[in-house]
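What do the atoms show?

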Amino acid sequence: LLTITSASGGSIWGIDIVTGMLASFRRAEQPGVELLTQPVGLGFYRALTDNDRGGHGRQWKERRLHQTTSQVRRIQWHVADDGVRVEVVERIAPPAVAWGVDNAWTYSFRGDSLSIRIQGKPGGLGLPDTFARIGLTVGLDGVEKVRWWGRGPGESYRDKKHAQLFGNWQADVDDLWLDYEFPQDAGNRTDVRWVEFTGAEKRRILRANFGALAGASFSATRYSTADVDECTHPYELHERRRDDVLVRLDWAHHGLGTGSCGPWTLPQYQLRADKEFDMEILLD
C-alpha cells in the first residue's frame, strides 16, 4: 500500500500498488479508523430498472456490461511541484469479449484534497451502444447523513428530474433509498455540484465536489448492485442489507426512458458508449 499523508497532516490516503485503486482513507484525528470499506472503482453499469429491462438493459446484459473487471497495466508515482501525483493505466472489460475501456487515472494529492481525473477510451468489437453510467463506486463506513447541493429532496434522473428543485438538501442515508415493488436501481440524485457524507456528531467522512459539471449525480445505499439485480422482492433485498454504505459518484448517467411500456430512452438522454471521456472529481 502506497501511503500518502497530506501536507497539513489531516488526511492519510492509501493507494493499492497492485490494483492501482484508492483503498484506504483515514483522518488524522482518528488514524486507526479506516473509512473505506470498498476501494474506489470505475463502473459503467447500474442495477436494471423495469424500463431498462424493456430497453437498453437487455443489450447491457448480452454484452456483459455487468461483468466488467479492472486489469492494471501500469502504475507510477512522483512528487510534483504542488504535491504527490500517482498515475495508473488500466483496462476495464468483461471476460471473453473483445470490447473494453482503456483508462488513464491521475491521482493528485494537494493539501487535504485528492483530485481524481480519468481519461477513458471505449472501443472494440461488440461495444454496447450505451452505458448505464460513468462514475466511481466506493464503500464508506459510519455514514449517517448526507448533504448535497443539487436537485432534491427526492429521487431524480437525467430524464426524470423537473419535479425536484435545486437547493441545499440533507437526509438520513437510509431515507435516500426507494423500495420499489420489484427491486431495481433507485435513489439517484442528479444535477449535483457537491455531496458530503457525515457520521456521528456531524463529523465529515468524505466530501465530493464535481465543480461546474452539468448532469453529475450520486447515490448512497445499503445494497450492492448485484444484490438489487438478483432479488425479486423487497424482503429478499432487506435480508442483504449492509452495515456500510455504497456510494456512487457519477459524472454521467443514462436516462430511464419508458421501455417497460413505451419508447426506450430518447436519444438526447442516452449515454452513448462510443465516445471518449475526460472527467475529474475532488475528494476531501
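Predicted model: local features only at pLDDT ≥ 70, side-chain atom pairs only at ≥ 80, totals over all residues.

The entries below go through pockets, cavities, a surface patch and salt bridges.

**Entry 1**

**Entry 2: the largest pocket**

I began with open space. The largest pocket comes out at about 940 Å³. I then asked which residues sit closest to its centre. Of the 40 lining residues, they are Gln38, Gly43, Arg133, Thr137 and Thr225.

Next I looked up the elements behind this lining. Those that give two or more residues are strands E4 (36-43), E5 (69-80), E6 (83-93), E9 (133-140), E15 (217-221) and E16 (245-253), together with helix H3 (225-230). Which element gives the most to the lining of the largest pocket? E4 does, with six residues.

I also sorted the lining of the largest pocket by class. I got 18 nonpolar, 14 polar and eight charged residues.

**Entry 3: the second largest pocket**

The second largest pocket holds about 310 Å³ of space. I count 19 residues in its lining, and Arg158, Ala252, His253, Gln270 and Leu271 are the closest to its centre.

E16 turns up again here. Both E16 and strand E17 (277-283) supply at least two residues of the lining of the second largest pocket. E16 has the largest share, with three residues. By class, I find nine nonpolar, four polar and six charged residues in this lining.

**Entry 4: the cavities**

A probe the size of a water molecule, rolled over the atoms, shows where empty space is left. How many cavities of 30 Å³ or more are there? The count comes to two.

The largest cavity has a volume of about 50 Å³. Its lining consists of Trp13, Leu22, Phe25, Leu36, Val40, Leu136, Val138, Leu206, Leu249 and Leu283. I checked the classes: 10 nonpolar, no polar and no charged. Strand E3 (22-27), E4 and E9 each put at least two residues into the lining of the largest cavity.

The second largest cavity holds about 40 Å³ of space. I list Asn51, Asp52, Gly55, His56, Trp60, His254, Leu256, Gly259, Trp264 and Thr265 as its lining. Here the classes read three nonpolar, six polar and one charged.

**Entry 5: a nonpolar surface patch**

I then went to the surface. Ile17, Val18 and Trp77 form a nonpolar patch there. Together they have about 320 Å² of accessible area. Trp77 lies in strand E5. I class Trp77 as partly exposed because its relative accessibility is 44%, and that class lies between 20% and 50%.

**Entry 6: salt bridges**

Side chains of opposite charge can pair when their charged atoms come close. I asked how many salt bridges the structure holds. The answer is 22. I looked up three of them.

Asp52 and Arg46 form a salt bridge, with the closest N and O atoms 2.9 Å apart. Are Asp52 and Arg46 buried or exposed? Both are buried.

Glu155 pairs with Lys160 in a salt bridge, at 2.6 Å from N to O. The two partners fall into separate classes. Glu155 counts as buried because its relative accessibility is 7%. Lys160, at 35%, counts as partly exposed.

Arg147 forms a salt bridge with Glu196, and the closest N and O atoms are 2.4 Å apart. This pair links distant parts of the chain, 49 residues apart. Arg147 belongs to strand E10 (residues 145-152), and Glu196 to strand E13 (residues 194-198). With a relative accessible area of 31%, Arg147 is partly exposed. Glu196 is buried, since its value is 8%.

**Entry 7: a network of charges**

I followed the salt bridges that share partners. Which residues do they join into one network? I find Arg147, Glu196, Arg204, Arg207 and Asp284. The pair of Arg147 and Glu196 from the last entry belongs to this network.

Notes. Residues numbered from 1 in each chain as written. Heavy atoms only, no water. 1 Å grid on protein atoms, 1.4 Å probe; cavity = no way out; pocket = protein on both sides within 12 Å on 5 of 7 lines; lining within 4 Å. Points joined across faces, edges and corners; volume = space filled by probe spheres on them. Helix = DSSP H or I, 4+ residues; strand = E, 2+ residues; numbered from the N terminus. Nonpolar A, V, L, I, M, F, W, Y, C, P; charged D, E, K, R; others polar. Patch = residues over 30% accessible without salt bridge, like charges linked within 9 Å, V, L, I, M, F, W, Y side chains within 5 Å. Areas by Shrake-Rupley, 256 points an atom, 1.4 Å probe, with all protein chains shown as cover. Salt bridge = Lys/Arg side-chain N within 4 Å of Asp/Glu carboxyl O. Buried < 20%, exposed > 50% of the residue type's maximum accessible area, 1.4 Å probe, protein only.
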